[in-house]
Amino acid sequence: MIKFLHLFKNYYLGISFIGIAAFVIQEIPYIVMPLIKSASNPIMNMSNEIKWIGTVQGIFGILSMILLMLIVRDDVKLIPKETTKEKIFLFIMMLMILINFIGWILYYMGYQYVWLIIITQFAVVPLYYLFLGLWQRNYLLAGTTVPFFVIHTINGIMNFAVKR
């Protein structure tokens, strides 16, 4: 982590290498997508019919990524050893990304069921960032991921499930 500017309490404007790594890890399915010849790709063919929901989702998504990568705390360790709570948050975070990856594997294999896509591609991604924020005690990030989770999941239901 690199700290540039003290904001308040233990929060700094800086660069979180854990945040950048977490973002890149979550983007792996999109990175490999061009290499996979899927018969259909309904997620990439979605269109937002209700523009304001897409806009609000985008705002919370971008805000979450900014807080993920540019807000750091000076009292955070890579692997927490202090509390069981932090270890639980780390475990749940890893579980969320595992569910996401399993969902993408099934998606690429042609198992493109609405409920599976909503859970594994829409719901767990903000939860991954939520538990990362809780693990790293970045409560600013955790706070933005809650509305991001709700709006992202609703947007996925409305723009994907309703059309199928």
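In which sense do strand E2 and E3 pair, and over how many bridges? In this predicted model, strand E2, residues 11-15, pairs with E3 in the antiparallel sense over three bridges. Two strands count as paired if DSSP finds at least two bridges between them. Helices (H or I, at least four residues) and strands (E, at least two) are DSSP runs, numbered from the N terminus.

A word on conventions. Residues are numbered from 1 along each chain as its sequence is written. Because the model is predicted, local features need pLDDT of at least 70 and side-chain atom pairs count only at pLDDT 80 or more, while totals for chains, interfaces and linings use all residues; side-chain values use heavy atoms, leaving out hydrogens and water.

I turn to the sheet. Three strands form an open sheet in the order E1-E2-E3, with antiparallel pairing. Strand E1 (2-8) and strand E3 (71-73) are the edge strands, each pairing on one side only. From one strand to the next, the twist averages 45°; axes are lines fitted to C-alpha atoms, for helices over the stretch in contact, and angles run from 0 to 180 degrees between N-to-C directions. Tyrosine 11 has arginine 73 in E3 as its bridge partner. Helix H2, residues 51-70, packs on the sheet and touches E2 and E3, where contact means heavy atoms within 4.5 Å. The direction of H2 makes about 40° with that of E3.

Finally, the helix pair. Helix H1 (residues 17-32) packs with helix H3 (residues 84-108) at an angle of about 10°, their axes 10 Å apart. H1 is therefore roughly parallel to H3, a term for angles under 35 degrees. Residues in this contact include Ile25 and Tyr30 of H1, and Phe101 and Trp104 of H3.

Definitions and conventions. Parallel < 35°, antiparallel > 145°, perpendicular 65-115°, else oblique.
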